[in-house]
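Trainee: I'm new to this one. Could you walk me through how to read it, feature by feature?

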Amino acid sequence: LLAKDVSPDDAYRQACLEFPIGKTWYVHEDEALVVRLIFELYTSAQYRYGCKRIARHLNMIGYRRRTAGAFVHSTVVQILNNPVYAGYTSFDEAAYERRLPSKLPRHKQKFFDGEHPAIISRDVWHLAQEIKATESKINRMRTVHGCENHTAETFSLTGILKCPCCGKGM
């Protein structure tokens with residue numbers, strides 16, 4: 001509204017009418033589209049991309065984060081871990097009883113039905129959690145680039161070979 005040269009007072013008044021202040025969450029459809037795409041690329045048998053590859057794919061097709069920055073691996077991991085997208089809200093009862101802030105990540109806390117609409121189905125969210133738990137870096141299928149068939153193969157020496165200079169995995 002401010003970008004449309006509406007005065008700050010009128011913009012605030014109109015925003016309060018359209019989006020009442022409270023504990024209601026609103027779905028931003030452009031951002032929800034990206035979240036759905038991330039879960040599809042991660043869980044779909046057609047893709048089964050890893051987090052780094054999803055970040056590269058999103059950047060390549062022109063998507064940006066809210067901060068206008070490029071997507072990175074850790075952002076994709078945070079999205080996949082967030083139960084809010086499946087319509088859940090989470091709570092760490094043990095930390096609350098001890099009157100301490102929770103140290104558990106949201107995806108490991110107790111889930112409750114949220115009052116907000118889900119962006120993805122709960123089945124898809126739980127499938128993503130299963131994939132994360134059962135697939136390791138070693139077992140993930142990789143697509144061979146440069147091949148017309150894009151055949152997938154498991155690299156048998158992943159996690160075994162180390163760079164002689166820096167010691168990182170090859």
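Mentor: Going along the sequence, the pattern is α-α-α-α-β-α-β-α-β-β. That gives six helices and four strands. Keep in mind that this is a predicted model.

Trainee: What share of the residues of the chain count as buried?

Mentor: Of the chain's 170 residues, 26% count as buried. For the surface, the accessible area of the chain comes to about 12,500 Å², and 56% of that belongs to carbon and sulfur atoms.

Trainee: And how do I read contacts along the chain?

Mentor: Look at how far apart the partners sit in sequence. Taking contacts between residues at least 6 apart, 47% join residues at least 24 apart.

Trainee: Which residues of H2 are buried?

Mentor: They are Ala32, Val34, Val35, Leu37, Ile38, Phe39, Leu41, Tyr42 and Thr43. The cover over them includes H3, helix H4 (73-81) and helix H6 (122-134).

Trainee: Which residues does Leu80 touch?

Mentor: Leaving out residues up to four places away in sequence, Leu80 touches Ile38, Phe39, Tyr42, Cys51, Trp125, Ala128 and Gln129.

Trainee: What about Asn81: is it buried or exposed?

Mentor: Asn81 belongs to helix H4. Its relative accessibility is 16%, so Asn81 counts as buried; the cut-off for buried is under 20%. With residues up to four places away left out, Asn81 touches His107, Trp125, Gln129 and Lys132. Take Trp125: 44 residues separate it from Asn81 along the chain, yet their C-alpha atoms are 8.5 Å apart.

Trainee: Now charges. How many salt bridges does a search of the whole structure find?

Mentor: That search finds five salt bridges. To read one, ask how far apart the charged atoms are, then where the partners sit in the chain. Arg13 pairs with Asp10, with the closest N and O atoms 2.6 Å apart. These two are three residues apart in helix H1 (residues 8-18), so about one helical turn separates them. Asp10 is partly exposed, at 39% relative accessible area.

Trainee: Which residue does Lys110 meet in a salt bridge?

Mentor: Lys110 meets Glu93, at 3.9 Å from N to O. This pair links distant parts of the chain, with Lys110 in strand S2 and Glu93 in helix H5, 17 residues apart. Lys110 is partly exposed at 44% relative accessible area, and Glu93 is partly exposed at 33%. Another bridge joins the side chains of Arg122 and Asp113, at 2.7 Å from N to O. In that pair, Arg122 is partly exposed at 30%, whereas Asp113 is exposed at 59%.

Trainee: How do I read backbone angles? Where does Arg99 lie?

Mentor: Arg99 lies in the loop between helix H5 (93-97) and strand S2 (110-113). Its phi is positive, about 60 degrees, although Arg99 is not a glycine. Arg99 is exposed, with a relative accessible area of 78%. Arg48 also has a positive phi, near 55 degrees, and lies in the loop between H2 and helix H3 (51-60). Arg48 counts as partly exposed, at 27% relative accessibility.

Conventions. Residues numbered from 1 in each chain as written. Predicted model: local features only at pLDDT ≥ 70, side-chain atom pairs only at ≥ 80, totals over all residues. Heavy atoms only, no water. Buried < 20%, exposed > 50% of the residue type's maximum accessible area, 1.4 Å probe, protein only. Contact = heavy atoms within 4.5 Å. Areas by Shrake-Rupley, 256 points an atom, 1.4 Å probe, with all protein chains shown as cover. Salt bridge = Lys/Arg side-chain N within 4 Å of Asp/Glu carboxyl O.
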